[in-house]
Amino acid sequence: MTREEKLAVINGLAEQLNAYPHFYITNIEALNAEQTAKLRRKCFENNIKLVVVKNTLFGKALEKVEKADADLVKVLEGSTSIMFAETGKAPAVVIKEFRKSCDKPVLKAAYVEGCVYVGDNQLEALCNIKSREELIGDIVALLQSPAKNVISALQGNAGQKIAGLVKALEERNN
């Protein structure tokens, strides 16, 4: 591979690192052609881009976009593939589901919501992580809950009692 070709690959990886907010570094070595095709299909169905990379070129791309965390660079050994995703937990769910029929892919590390997760033991935590939008939705629901309770109380029997109390107080003042 010439220097220009390497630079083109590094720039392409850097563009993908900027385009996708989340990525998983995995090992899919030892998957046969049929299993690899099945994994790629699952990734495509879940809007995940699966790319097999050379470790040194991916390391340089990480440096270029200033995401070269020491823990991420440390796992770049052996066969490496990258799963780029728009949603943080989508690749973890695909990996977990795919492992029901096979012991690969193995999670080396993940960059999700600005945090680095290292090791295959983090897969369960990544499956349960909520996206920023889901967390905002939960907060809005929590904020709406007390207001809904007050409104429903005013509309129900408690509302009639409160109205009766207000009327009694008005009559007392008159």
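Student: Let's start with K130: how accessible is it?
Tutor: K130 comes out as partly exposed, at 40% relative accessibility. On this scale buried means under 20% relative accessible area, exposed means over 50%, and partly exposed is in between, using a 1.4 Å probe and protein chains only. Keep in mind that this is a predicted model, where local features need pLDDT of at least 70, side-chain atom pairs count only at pLDDT 80 or more, and totals for chains, interfaces and linings use all residues. Residues are numbered from 1 along each chain as its sequence is written, and side-chain values use heavy atoms, with hydrogens and water left out.

Student: Okay, and where is K130 found?
Tutor: In the loop between α6 and α7 (132-155). Helices (H or I, at least four residues) and strands (E, at least two) are DSSP runs, numbered from the N terminus.

Student: Which residues does K130 touch?
Tutor: L135 and D138, leaving aside residues up to four places away in sequence. A contact here means heavy atoms within 4.5 Å.

Student: And how far apart are the C-alpha atoms of K130 and E113?
Tutor: They are separated by 9.5 Å, and the two residues are 17 apart along the chain.

Student: Switching to salt bridges, how many are there?
Tutor: The count is three salt bridges, each needing a side-chain nitrogen of Lys or Arg within 4 Å of a carboxyl oxygen of Asp or Glu.

Student: Which residue does E97 pair with?
Tutor: E97 meets K42 in a salt bridge, at 2.8 Å from N to O. E97 lies in helix α5 (residues 90-98) and K42 in helix α2 (residues 33-45), so this pair ties together parts that are 55 residues apart in sequence.

Student: What about K96?
Tutor: The side chain of K96 forms a salt bridge with that of E124, at 3.0 Å from N to O. Since K96 lies in helix α5 and E124 in helix α6 (residues 123-128), the pair ties together parts that are 28 residues apart in sequence. K96 is partly exposed at 37% relative accessibility, and E124 is partly exposed too, at 41%.

Student: And R99, what's its partner?
Tutor: D120, with the closest N and O atoms 2.3 Å apart. R99 lies in the loop between α5 and β4 (106-112) and D120 in the loop between β5 (115-118) and α6, so the pair ties together parts that are 21 residues apart in sequence.

Student: Back to α5, which residues are buried there?
Tutor: A90, P91, A92, V94, I95 and F98. The buried residues of α5 pack against β1 (22-27), α2, β2 (48-53), β3 (80-85) and α6.
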